[in-house]
Amino acid sequence: MKKSVVTVCIAAVLSLALLAGCAAQAPAPQEAPASSEAVDEEPEQAEEEPAEEAEISSAEEPENAEDAAQETPFDAYNDAIADYLLSEAGADYEPADASLPVIDIFKIDDEDPEDIKVWGRFWLMNYNLRGTTLMNRSGGEYPGIVHLKKTDDGVAAVSMDVVEDGENYGDSLKEIFDTEELMNAYIMSDGDFRDALVAAVIKYCGETGNEVKAVSEYGWDPYPVSFDEEFFLEYPDLADKWVSEDKQMTMNIADPDGGNVYEITIEEEQDGTTFVYSIYGEYEMSTGNLYYWDFWTGEKDGESDSVNEEGWFAVNEDNTLSWFRGGEETARFSRAE
């Protein structure tokens with residue numbers, strides 16, 4: 001059993017938790033999370049002073065925490081942006097257990113109540129909840145400007161200017177983040193995604209009552225969102241050759257070389273023909289299962305086709321592995337002698 005301990009700095013997460021909301025007209029999603037691409041004639045970054053924090057142009061700074069909770073527009077803006085992302089960008093993705101708007105605001109200009117501008121990096125990330133882990137299924141990043149307006153009920157997002165990708169990326173980035181302050185904020189925000197996501201997960205837990213202890217991005221170690229106890233990563237040693245109880249299947253498993261993904265290859269005899277299944281299972285610690293969302297299959301030494309089918313392998317207490325397809329146990333494997 002591989003073990004390691006993850007330590008986390010909570011201060012930044014708690015501060016972001018106050019700002020995060022759960023909602024965009026959005027173009028095709030960009031990859032997320034990802035570092036910003038190189039920009040032609042990149043602006044010089046300040047050597048001594050970091051970019052200023054999110055600016056609220058018209059709201060006076062409150063004198064205490066109680067006033068801040070009542071007066072800050074962040075909550076209303078975050079909720080409106082979250083609703084917009086869910087309604088507009090959400091249509092680009094397959095349904096998931098949790099669709100989380102992730103919001104990192106750089107600056108707010110609310111001088112014009114009919115066109116409140118909010119600059120920042122915005123994501124919509126989709127997860128399936130397995131055990132106490134949110135496992136990533138899809139997502140996209142939408143850096144740019146959200147346009148909002150005052151309404152009788154508060155504030156609503158009406159449109160969004162998103163940085164273009166591809167060959168227009170550099171020009172579009174400069175057009176949207178059009179001051180040195182904003183460009184520096186964008187460049188220096190590359191590491192903000194995880195903290196902003198954790199804040200969104202905390203909000204999701206509060207709204208749904210679901211327990212989430214970790215987030216898993218495919219191919220990486222899961223990371224914690226709960227900080228009341230040490231977070232141990234424990235991966236079982238499954239690397240071996242396995243045989244099904246009916247002797248019709250053999251399975252080879254390779255342990256992860258970093259991250260939580262096990263490579264699984266199954267050969268099955270059917271009427272004299274050998275079929276091969278290639279599966280990548282993500283280990284979830286609270287259930288002891290390896291989850292997958294699709295796999296490749298075909299005749300041995302022939303072409304393989306992708307199959308969109310969810311399933312899992314359960315690591316049993318008697319050191320066997322059960323393969324569940326369609327919610328039913330279809331095979332049980334023991335280590336080959």
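Here's a quick briefing on the charged and aromatic side chains in this structure. It's a predicted model, so to speak of local features takes pLDDT of at least 70, and side-chain atom pairs count only at pLDDT 80 or more, while totals for chains, interfaces and linings use all residues. Residues are numbered from 1 along each chain as its sequence is written, and side-chain values use heavy atoms, with hydrogens and water left out.

**Salt bridges**

- The count comes to 12 salt bridges, each being a side-chain nitrogen of Lys or Arg within 4 Å of a carboxyl oxygen of Asp or Glu.
- Arginine 121 pairs up with glutamate 141, with the closest N and O atoms 2.8 Å apart. Arginine 121 sits in strand E4 (residues 116-130) and glutamate 141 in strand E5 (residues 133-141), so this bridge ties together parts 20 residues apart in sequence. Strands (E, at least two residues) and helices (H or I, at least four) are DSSP runs, numbered from the N terminus.
- Arginine 121 and glutamate 141 are both buried; buried means under 20% relative accessible area, exposed over 50%, and partly exposed in between (1.4 Å probe, protein chains only).
- Glutamate 207 and lysine 203 meet in another salt bridge (3.3 Å, N to O). They're 4 residues apart in helix H6 (residues 193-208), which means about one helical turn separates them. Glutamate 207 is exposed at 52% relative accessible area, whereas lysine 203 is partly exposed at 24%.
- Asp97, Arg130 and Glu310 are linked in a salt-bridge network.

**Aromatic pairs**

- The structure holds 12 aromatic pairs. Rings of Phe, Tyr and Trp (its six-membered ring) pair if their centres lie within 6.5 Å; planes under 30 degrees apart count as stacked, over 60 as edge-to-face and the rest as tilted.
- Tyrosine 277 and tryptophan 323 pair edge-to-face, at 5.5 Å centre to centre with 75° between the planes. The pair links distant parts of the chain, from strand E14 (residues 273-284) to strand E19 (residues 321-325), 46 residues apart. Tyrosine 277 and tryptophan 323 are buried.
- Tryptophan 312 and phenylalanine 324 have ring centres 4.9 Å apart and planes at 10°, so they count as stacked. Tryptophan 312 is partly exposed at 22% relative accessibility, while phenylalanine 324 is buried at 17%.
- Tyr277, Tyr292, Phe295, Phe313 and Trp323 are linked by ring pairs into a cluster.
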